Amino acid sequence: MAATTLPSGEPAPEDTSLYPIAVLIDELKNEDVQLRLNSIKKLSTIALALGVERTRVELIPFLTETIYDEDEVLLALAEQLGNFTNYVGGPDFAYTLLPPLESLATVEETVVRDKAVESLRQIAVLHSPTDLENHFVSLVIRLASGDWFTSRTSACGLFSVCYSRVNPMIKSELRNFFRNLCQDDTPMVRRAAAGKLGEFAKVVELDSLKNDLIPMFSSLAQDEQDSVRLLAIEACVSIASLLTHEDVNDLVMPTLRLCTSDSSWRVRYMVADKFTELQKAVGPEITRIDLVPTFQSLLRDTEAEVRAAAANKVCDFCRNLCPPVASGALLNDPNAAQTSNAVDSIIMTSILPVVKGLVADTNQHVKSALASVIMGLSPILGKQRTLDHLLPLFLTQLKDECPEVRLNIISNLDCVNEVIGIQRLSETLLPAIVELAEDPKWRVRLAIIEYMPLLASQLGVQFFDDKLNSLCMTWLTDHVYAIREAATLNLKKLVEKFGAEWAQTSVIPKVIVMARDPNYLHRMTFLFCINELAEVCGPEITAKTMLPTVLSMASDSVANVRFNVAKTLQKIGPIVAQSAAVKSQIKPVLDKLNTDTDVDVKYFAAEAMSIIACN
C-alpha cells in the first residue's frame, strides 16, 4: 500500500491524530469517484485539522491544481468552498478562496458553474473594499474576457455583488465589460447578461442606468435570439421601477412596445407572465395609455400559452389599474370619482368583453387559468355588475366539460358570496350545481361529489343543510357503484369539516334508514358509510347510534350483506374497544357469523374475531 501524504508532499505521521486526515486527503486522489466525493464533503474536517495557515498555503492550492474531476465531485467542491471562509482565517483571507472557485466557474457543466458563481457571490460580501478591488474585481475581469464562453457566462452574475463597493474608475471599467458581454458573439453569453441586467441595474447610479444600461437593454430586447429577448423582459421590470414616469415613457416604453408584439410566442408569453409586475413598474397613467391595449392583444393572442398566461393576470391587472383608490388614499381627492370612473370604464369596455370570449376558448388551459381568477373580479366590479356580467360567465364555466374549470369556479365561490350574498348565490349558481349533480353522465356526477366538501366549506353548514344535504344522501343510492363509493367518502369529509355533533343530527339518522332498504346494495352502502363515519365520529357516537343497527344486520338474508357486517365489525371493533360493547354485543354476533352456512361469511367473521382479539 502506498504511503499516505499530506498536501505538502510530506509523509503522514504514523499513530497520530492526523492520520485520519491524511487518509481523507489521500482519498481526494483516489480512482473511486465515491471516495473522492466523500472526502470533498469532509473538507471542513481536513481544514480544521490542518489549521487556517496550512489550509491557505497547502490545501487550497492543492484543490486548485486537482480541479479536473467528475462533475458530481466538482459540484460538491463548489458548494463547500462557499462556506469555507472561517477555515482560511475569516473575511481578511476570503480572497484565498478565489482561485479554485475561478477555475470551477469556467468548467463546461452548467450546474457546477452556477454553484461556483453562487459561492463567489457569498464570499464577495465578506471582502474588504481593498480586497474587492485587488482580488475580486480582477477575477471578474478575467472571467469576462476569457476565451471560452463558459467563463464569460459566469462573469455576468458577479458584477452586481462588487459594483457598489469599488471606486468610480473601476465602476466605469465594470460597466464597459458588462456592455461587451451584452454584445458578445455567443448567444449563451448574451442570454446570461440579459438574465443579470435587472440585478445590475439596481446597483448602478441613475445616470449610468440611463446612459449605459438602457442602451444595453434595448439591444438585448431586439436580439436575434428569442431566448435572449425574453430574458430582457425581466430586466425591463427592474429598470422601469427605478425611473421616473417621464423617463419610463421616453426610454423604456418604445422597446417594451416592440416586445409585446414580438414574432416569437415565447417572448410574448414572458410579457404576459410579467405583465402585472410591468404594470406596477410603469405606473397607472402609462398602464391606461399603453398597457391596456397590449393586455387586450395578449388575451387574444394566437398562441394558447400566451392567452393562458394573460388570463391568469386578469384579476390582478384590474385591481392594479388604480391602486390608490383600492387602498382608500384618494377618498378625499376631488378627482377620485373621475379616476374611479375611468378605471370602471376600462374594465367594462376593454377587459370584460375579451374575458367573455375567453370563457368559450377552445383551449382548456386558457379556460382553466381564467376560471382560477375570474371570481376575483366580483369585489372589483361590485354587486350589480357581478349579477349582470359575471354570473352568466360563472354559470357557463360551471357547466364546462373540463373538470379543472369547474373546480376552479367552485373553489372561489366565497369571493362572489361576499359581494352578492348567499341568497343571490343560491338562486343563481346553486341550480347549476344541482343540475350537474343529477347529470345523466356518471363521471359528471362523480366530479361534483369530489367538489362537495370544498363547496360546503365555502357556503357554511346552515346553507349546506338547507340546500345540499339531501343531494348528498341521494348519491348514496345511485345505480353506479363508483358514485356510491365516492358519496360515502364525501360524508366522511363533510363530518371532518362540520363535526361529529352535526353528523349525529344531520347525517347518521338518514344513513341508518338505508339499513332497512329492500335493495341489498343500499344496505351494503349503509355498512360502507359506517366504515368511514365511525373513525371521524368517535367511539361514543359509534357505540351508541351506529353499532346496534350494524349488529341487527347480522341476520340479513343476503350473504354479501352478512360478510360485510363482519368486515364492518372488524373496522369499528378497535374504535369501541374500550366500551363493554365488544364483549357483550360484538363477540356474540361474530360467533354466530362464524357458524354461518356461507363460506365467505365464516372467513370474514373469523378474521374479524382475530383482529378484535389482538386489540
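## F149 and helix α9

F149 has its place in helix α9, where helices are DSSP runs of H or I with at least four residues, strands are runs of E with at least two, and both are numbered from the N terminus. With a relative accessible area of 27%, F149 is partly exposed; on this scale, computed with a 1.4 Å probe on protein chains only, buried means under 20%, exposed means over 50%, and partly exposed lies in between. Leaving aside neighbours within four places in sequence, F149 is in contact (heavy atoms within 4.5 Å) with R113, T186, M188 and V189. The C-alpha atoms of F149 and V189 are 6.4 Å apart in space, although the two residues are 40 apart in sequence.

The model is predicted, so that local features need a pLDDT of at least 70 and side-chain atom pairs count only at pLDDT 80 or more, while totals for chains, interfaces and linings use all residues. Residues are numbered from 1 along each chain as its sequence is written, and side-chain values use heavy atoms, with hydrogens and water left out.

## The largest pocket

Helix α9 (149–156) also takes part in the largest pocket: together with α7 (110–124) and α12, α9 is one of the elements that give two or more residues to the lining. A pocket here is an open set of points on a 1 Å grid over the protein atoms alone, with protein on both sides within 12 Å along at least five of seven lines, whereas a cavity is a set of points where a 1.4 Å probe fits but cannot get out; lining residues have an atom within 4 Å of a point. The largest pocket holds about 320 Å³ of space, a volume being the space filled by probe spheres set on the points, which are joined across faces, edges and corners.

Of the 17 residues that line the largest pocket, D114, T153, S154, A192 and K196 lie nearest its centre. Helix α7 supplies the largest share of this lining, 6 residues. By class the lining has 6 nonpolar, 5 polar and 6 charged residues, where Ala, Val, Leu, Ile, Met, Phe, Trp, Tyr, Cys and Pro count as nonpolar, Asp, Glu, Lys and Arg as charged, and the others, Gly among them, as polar.

## Aromatic pairs

The count of aromatic pairs comes to 14, under a rule that pairs rings of Phe, Tyr and Trp (its six-membered ring) if their centres lie within 6.5 Å, with planes under 30 degrees apart taken as stacked, over 60 as edge-to-face and the rest as tilted. Y163 and F200 form an edge-to-face pair, at 5.3 Å centre to centre and with 90 degrees between the planes. Because Y163 lies in the loop between α10 (159–162) and α11 (168–182) and F200 in helix α12 (residues 187–201), this pair ties together parts that are 37 residues apart in sequence.

Y163 is buried, with a relative accessible area of 0%, and F200 counts as buried at 1% relative accessibility. Ring pairs link F159, Y163, F178 and F200 into a cluster.

L569 touches L547, V550, L551, I586, V589, L590 and I612, not counting residues up to four places away in sequence.

V416 is found in helix α27 and is buried, with a relative accessible area of 0%. Apart from neighbours within four places in sequence, V416 is in contact with M375, S378, T386, F394, G421 and L425. L425 is also among the residues that line the largest cavity, with L413, S426, L429, L430, I433, L459 and F463. This cavity holds about 30 Å³ of space, and helix α27 (residues 413–437) provides the largest share of its lining, 6 residues. The lining residues divide into 7 nonpolar, 1 polar and no charged.

N531 is found in helix α34 (residues 520–537) and counts as buried at 15% relative accessibility. Residues up to four places away in sequence aside, N531 touches T568 and K571. E535 is also placed in helix α34, and is in contact with K492 and I575 when neighbours within four places in sequence are left aside.

Helix α19 (residues 304–311) is mostly covered, with 7 of its 8 residues buried. These buried residues are A304, V306, R307, A308, A309, A310 and A311.
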